[in-house]
Every structure is written in structure tokens, then in C-alpha cells.
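Here's a walk through one protein model, going from its sheets to a handful of individual residues. Keep the structure open while you read.

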Amino acid sequence: ANNGGLVGQMTGDSVEQSYGSGNITATGANNGGLVGQMSGSTISSCYATGKVQAPSSSGGLIGSSSGGA
């Protein structure tokens with residue numbers, strides 16, 4: 001699914017001083033309040049205020065991450 005309040009999917013990118021405020025309701029995986037799925041990417045000085053409702057690999061800030069934080 002890769003749904004995020006700001007970014008659905010990112011690879012090798014960075015997000016700084018940003019926020020996500022939308023609610024996420026999904027049936028698939030990789031859903032986050034800020035980023036749905038990220039790989040080799042960085043996030044700094046960010047936050048999310050929306051509600052995330054999804055069955056798996058979901059989180060308030062990041063749904064799924066590999067090789068970054």
C-alpha cells in the first residue's frame with residue numbers, strides 16, 4: 001500500500017522539518033503518519049498528528065523502514 005501523511009514511499013531521500021496531519025486508513029501494509037515505506041532514507045525534525053488504521057507494518061510516524069531512520 002505504501003501510504004503516508006506526507007510521503008507514500010521514498011528511497012535514498014531525506015525529509016526535514018516537516019509534518020503529516022492527515023488520517024490514514026488502509027487495508028494493506030506500510031502505512032505511516034508521515035512516511036509509508038522508506039529505504040536508505042533519513043527523517044529529522046519531523047512529526048505526525050494523524051491517526052493510522054491499518055492491519056500490518058504500520059506506525060504513527062513510519063510504516064516500514066530499512067537502512068535508515
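Let's start with an open sheet: three strands in the order S2-S7-S12, paired in parallel. At the edges stand strand S2 (7-11) and strand S12 (62-66), each with a single partner strand, so one side of each has no neighbour in the sheet. From one strand to the next, the twist averages 5°, with axes being lines fitted to C-alpha atoms and angles running from 0 to 180 degrees between N-to-C directions. A word on terms: strands are DSSP runs of E with at least two residues, helices are runs of H or I with at least four, and both are numbered from the N terminus. Two strands count as paired if DSSP finds at least two bridges between them.

This is a predicted model, so local features need pLDDT of at least 70 and side-chain atom pairs count only at pLDDT 80 or more, while totals for chains, interfaces and linings use all residues. Residues are numbered from 1 along each chain as its sequence is written, and side-chain values use heavy atoms, with hydrogens and water left out.

Back to the sheet. Strand S7 (residues 35-39) is joined to S12 by four bridges, and the two run parallel. Ser39 sits opposite Ser66 in S12.

There's another open sheet of three strands, with the order S1-S6-S11 and parallel pairing. Here S1 and strand S11 (58-59) take the edges with a single partner strand each, so one side of each is left without a neighbour in the sheet. Two bridges tie S6 to S11, and Gly32 has Gly59 in S11 as its bridge partner.

**The whole chain**

What does the secondary structure come to? Zero helices and twelve strands. The C-alpha atoms fill a box of roughly 25 × 20 × 10 Å along the principal axes.

Of the 69 residues, 30% count as buried. Buried means under 20% relative accessible area, exposed means over 50%, and partly exposed is in between (1.4 Å probe, protein chains only). As for contacts (heavy atoms within 4.5 Å), 77% of those between residues at least 6 apart in sequence join residues at least 24 apart.

**The nonpolar core**

The largest nonpolar core has seven residues: Met10, Val15, Leu34, Val35, Met38, Ile43 and Cys46. Such a core is a set of buried Ala, Val, Leu, Ile, Met, Phe, Trp, Tyr and Cys residues joined through side-chain atoms within 4.5 Å. Leaving out residues up to four places away in sequence, Leu34 touches residues including Leu6, Val7, Tyr19, Ile43, Cys46 and Leu61.

**Some polar residues**

| Residue | Relative accessible area | Class |
|---|---|---|
| Ser18 | 19% | buried |
| Gln37 | 13% | buried |
| Asn30 | 18% | buried |
| Asn2 | 23% | partly exposed |
| Ser45 | 59% | exposed |

Gln37 belongs to strand S7. Beyond four places in sequence, Gln37 has contacts that include Asn2, Gly8, Asn30 and Ser64. Gln37 and Gly4 are 33 residues apart in sequence, with 7.9 Å between their C-alpha atoms.

Asn30 is in the loop between strand S5 (24-25) and strand S6 (31-32). Which side chain makes a polar contact with that of Asn30? The side chain of Asn2, at 3.1 Å. A polar contact is a pair of N or O atoms within 3.5 Å; within protein, one must be able to donate a hydrogen and the other to accept it, and residues adjacent in sequence count only if both atoms are side-chain atoms.

Asn2 itself lies in the segment before strand S1 (3-4). Most residues other than glycine have a negative phi, yet phi of Asn2 is near 55°. Ser45 also has a positive phi, about 55°, and lies in the loop between strand S8 (42-44) and strand S9 (47-48).

Ser18 lies in the loop between strand S3 (14-16) and strand S4 (19-20). Its side chain reaches the backbone oxygen of Glu16 at 2.9 Å. Beyond four places in sequence, Ser18 is in contact with Leu6, Ser45, Cys46 and Tyr47.
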